[in-house]
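Please examine the sequence and the structure shown below. The report that follows is intended to be read alongside them.

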Amino acid sequence: MLDNISGKPTVKAEELPSLVLAYIGDAVYELAIRNFLVAQGLCKVNQLHRTAVKYVRAGAQARALFALEGKLSETEMAVVRRGRNAKSGTVPKGADVLEYRHATALEALIGYLYLQGQHQRLQEIIKLAIEEIT
């Protein structure tokens, strides 16, 4: 059941629907943010949660994606476009449609890199996102 916890590719990421990539990317990004916050010395759960929300909400993720423009390969940009154009059907309250689509695009990129086993590039992207949001 946990055969792929390491992120070694067992599926072809480029063949997965964008929303599936975003689903994986959401979890990877959330875990990276939680690790980052704990490493910053935050230890109270309420404080961790409130601070994490600032990084994972759609508006922050959209800003992070815009900061990545010009730093992505053609393949990464294609994943971003697919993610941005995916129709999810619902938009969370507190986010507008464009922000949510850009956040989905960032999550799709993160999911793609994770599933491809491109962990160094994944770390670079998440680091840039955190720097933009901080």
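## Basis of the model

This is a predicted model, in which local features need pLDDT of at least 70 and side-chain atom pairs count only at pLDDT 80 or more, while totals for chains, interfaces and linings use all residues. Residues are numbered from 1 along each chain as its sequence is written, and side-chain values use heavy atoms, with hydrogens and water left out.

## Helix H2

Helices are DSSP runs of H or I with at least four residues, numbered from the N terminus. H2 has 12 residues and spans 16 Å from its first C-alpha to its last, close to the expected 16 Å at 1.5 Å a residue (1.5 Å times one less than the number of residues).

Leu48, Thr51, Ala52 and Tyr55 of H2 are buried (under 20% relative accessible area, with exposed meaning over 50%; 1.4 Å probe, protein chains only). They cover an arc of only 105° around the axis, so they lie on the same side of H2; the arc is taken from the directions from the helix axis to the C-beta atoms. Asn46, His49, Arg50 and Lys54, on the other side of H2, are exposed. The cover over the buried residues of H2 includes H1, H3 and H6.

## Leu48

Leu48 lies in helix H2 (residues 45-56) and counts as buried because its relative accessibility is 19%. Beyond its neighbours within four places in sequence, Leu48 is in contact with Leu37, Val38, Leu42 and Cys43 (heavy atoms within 4.5 Å).

## Helix H3

Helix H3 (residues 58-68) is largely enclosed by the rest of the structure, because 8 of its 11 residues are buried. Among them are Gln61, Leu65 and Leu68. Gly70, which follows H3, has a positive phi near 85°.

Conventions. Helix = DSSP H or I, 4+ residues; strand = E, 2+ residues; numbered from the N terminus.
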